[in-house]
Amino acid sequence: MAATDPEGDPHVHEDWLSPKAQLAEASVPGGFDLSVCVREQIHLLGGVQSYGTLLAADPATGLVDTAAENAAAVLGVPAGDLVGGPVTSVLAEDDWREVLEAAGTDGAAAVGFPVAAGPEGGRSLFDVSVHRRDNLVVVEFEPHEPDRAARSGGFYERVRRALNRLRSATDVTECCQAAVAEVRALTGFERVVAYRFDGLNGPGEVLAESVAEGWEPWLGLWFPATDIPPQARRLYEENWIRVIADVDDTTARLVPPVREATGTPLDLSGAALRTVSEFHLEYLRNIGVRSSMSVSLLKDGRLWGLIACHGGTPAPVAPAVRSACELFGATFSMQLAAIEERERADALERAGRDAAGLATLLNVDVDASLLRHEELVRGLMEADGVLLARGGRQTAAGLAVPAELARLLADRAAAATADVWSTDRMPELLAQEGADAVPAGGVAGVLLVPLGDEGDFLAWVRGERALPREWAADPSRPVLVGPRGERLTPRGSGAVFRSVVRGRSRPWTRRSEAAAAEMRRLLTGLVLRHAEELDALNAELRLTNLDLDSFAHVTAHDLKEPLRGIANAATFTLEDAGDRLDATSVRRLETMRRLAARMDDLLNSLLHYARMGRGGLRRAEIGLDEVVDSALEVAGPRLAEENVRVLRPRALPTVDADPDRVYEILVNLLVNAAKYASDRPDRTVEITVEERTPPGASEAVAAVVVRDNGIGIPDDRQQEVFDLFRRLHGPGERGGGTGVGLAVVQRIVDRHGGLLWLTSAPGEGTAFYFTFGGTAAPCPEGG
């Protein structure tokens, strides 16, 4: 696409395209030659963008292995003099040790910390980024702007506000639209688009955009899959940020051009200054773009899409901005995953409910009852026909399935390893599998669930639906070749090419697949009337990975390494510079260190929050008194500092819950009571069990209550307190904190299948009520 690299590899062939991509791009006659856009191994282009420079050194010996040819212009020492010599010819010994420490051992990059570099006696300050590659430490130098540190201090707060705005998005498109607006405000680029791939190797569509006046809109356009070959997608998975400062930049080549140790140029996969393909540079010039930046969006570790930024003038992107955008991209990826997971969970819930309702109409004579209610069975999936094959018999209704196709589906069912199989392009699939002789009839889509391992199955079918698509270029000619082989095909709304994709049905949704899985479960087990069991399953599914816990854990862990580098850089600068810094510089460095510590606290809180959804619960009958005693060992001193007296009945009941998690609930609520104590002399916090009716419920339940007489919470902000990273006071007010505690409490209660709510009034205090599902504690006698 116009927002990404058409960079390639000579070993990549047309078969890397997914079937969906091949059909989409072949929806008009003619075809095209992929070889012209898959020429280069893009991580081995042997050069860097010349606004900065690069050197790579052996961490053990400190000898320079590779340098960029512009080292003389940037660092003041020719590349030929650097290669083979000690890196300390341009870096002080202490700074080289700092670079080695920042590089770490796990391959993570340290971005944008200041280091003095150049010949001894004439060193200047640079922003340095460091990572490891091929047993070398790769150091990138970018010009240091004196006011950059001051500007970077505001990025965290701007990114935090941007991410908070994302949380209100209800679907993927809305989330992407909010994201492009925030990234454009953060970076100043004239065009920012969010682009989603149609499968791992397929074409992509612009879902959202934010453009300056005078820039053409791209919303809704599709871009050929060939614009981003597989090796380019792999680089986007490894390196979240790709920046082109100036499309007319003269590349600084590497010296030596080929490393003796590997026989290839230095691998620049992790380099921010990596030069890019001349195909792509020519391509950007043709659409009036002078600078660009791409931020990867990942799902389950694979490339889901990109946030692509375009500028009309050359624009180097400062390391601080890159780091902010990388953090934004990582957290935005988590938000997208959470939204998709929530949609999946909602689909599972609705599907289970619908399937359970249909199950009440079926009986052990499945064939007859299914045919009797075939309209409902088809309606469950919005299908045009249904086919049940059991024991050599077939029961069908609606759109007819040819006998040859039914036999092929039986073979697939017998070999199935998953509960559900589906396709929305049956004719294409038959052609790919060499089954051209098998007629599809009018069937374009099939949703199949195997019933046992003998080839029995239940299948829903759909007819063809012609699919119009608007392309940003003629998909039959996405590549034109000039004298130097540059890519010249225009892109954008001014070159819209309309085509119609045939042989496809409407895609099967998650709800359809989930409902099919439920029908399979009902039919294979003949559990046709157990709606209560289905309800229990749906309740469990609603709690499954709604926030993509493992992704949050890995992402937060990876972000801590560059953050540690920022903090260390500020600390070393303060320690080494000493009295040579003016008061303003010292204040700015202290601000950087404080913000880094704050971000570290937030990441630790995020990790803790993610872990709440990862492990199983260890439920047991526990005495609340024992758990309260343990919680007071931690929260008691804090309560005593605020002169808050703890009230509790003579004996609290037992509950069926995980003791460690209940302990964490109580510690969080008791510490909050201390933080938000009022000025009244009789400050109290009470722990008891009461019969209460939850909001929206009709019956009272036994709930554990933690009630204080503190400052209270206004009515219009009471739901906010359960949001992740949300505090109703400033970071340093009321004892500080990250705003995670009550979100953790909510998650623990949800994991138990319980309820959590509060009542409060300003100046009168707050009461938190929580239960543990069907095992709520009874009220103690006299309690």
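Visitor: What share of the contacts in the chain with a separation of 6 or more comes from residues 24 or more positions apart?

Guide: Good place to start! This is a predicted model, and in it such residues account for 71% of those contacts. A contact here requires heavy atoms within 4.5 Å. The chain holds 21 helices and 27 strands, and buried residues make up 53% of its 783 residues.

Visitor: How far apart are Ala 515 and Met 381 in sequence and in space?

Guide: They are 134 residues apart in sequence, with 7.7 Å from C-alpha to C-alpha.

Visitor: Why is strand S14 called largely enclosed?

Guide: Five of its six residues are buried, so the rest of the structure largely encloses S14.

Visitor: How do you know that S14 and S15 pair?

Guide: Pairing needs at least two bridges between the strands. S14 (residues 385-390) and S15 have six, in the antiparallel sense, so they count as paired. In that pairing, Ala 389 has Gln 394 of S15 as its bridge partner, and Gly 385 has Gly 398 of S15. Two residues lie between the strands of this hairpin, where Gly 391 takes a positive phi near 55°.

Visitor: What joins S14 to S18?

Guide: Five bridges do, and the two strands run antiparallel. One of the bridged pairs is Leu 388 with Leu 458 in S18. With at least two bridges needed, S14 and S18 are therefore paired as well.

Visitor: What makes S15 and S16 the edge strands of their sheet?

Guide: The order is S15-S14-S18-S17-S16, an open sheet of five strands with antiparallel pairing. Strand S15 (393-398) and strand S16 (421-423) each pair on one side only. From one strand to the next, the twist averages 15°.

Visitor: Which strands of this sheet does helix H12 touch?

Guide: H12 (residues 374-381) packs on the sheet and touches S14, S15, strand S17 (443-450) and strand S18 (457-463), with its direction at about 70° to that of S18. Helix H13 (residues 403-414) lies across S14, S15, S16, S17 and S18, and runs at about 35° to S17.

Visitor: Where does H19 bend?

Guide: At Ala 635, by about 55°, with a proline, Pro 637, following within four residues. Just after H19, Asn 643 takes a positive phi of about 60°.

Visitor: Which residues of H19 are buried?

Guide: Leu 624, Asp 625, Val 627, Val 628, Ala 631, Leu 632, Ala 635 and Leu 639. The buried residues of H19 pack against several elements, among them strand S21 (620-623), strand S23 (654-657) and helix H20 (659-675).

Visitor: What describes the packing of H19 on H20?

Guide: Two packed helices are described by the angle between their axes and the distance between those axes. For H19 and H20 the angle is about 35° and the axes are 9 Å apart. H19 passes H20 in a right-handed crossing. The contact includes Val 627, Ala 631 and Arg 638 of H19, and Val 662, Tyr 663 and Leu 666 of H20.

Visitor: Which order do the strands have in the open sheet with mixed pairing?

Guide: The five strands are ordered S22-S24-S25-S27-S26. S22 and strand S26 (756-761) each have a single partner strand, so one side of each is left without a neighbour in the sheet. Neighbouring strands here are turned by 20° against each other on average, direction ignored.

Visitor: How do you know that S22 and S24 pair?

Guide: Three bridges link them in the parallel sense, and at least two are needed, so the pairing stands. Val 646 has Val 685 of S24 as its bridge partner.

Key:
Residues are numbered from 1 along each chain as its sequence is written. This is a predicted model: local features need pLDDT of at least 70, side-chain atom pairs count only at pLDDT 80 or more; totals for chains, interfaces and linings use all residues. Side-chain values use heavy atoms; hydrogens and water are left out. The bend at a residue is the angle between axes fitted to the seven residues ending there and the seven starting there. Buried means under 20% relative accessible area, exposed over 50%, partly exposed in between (1.4 Å probe, protein chains only). Axes are lines fitted to C-alpha atoms, for helices over the stretch in contact, and angles run from 0 to 180 degrees between N-to-C directions. A crossing is left-handed if the near helix is turned anticlockwise from the far one by less than a right angle, and right-handed if clockwise.
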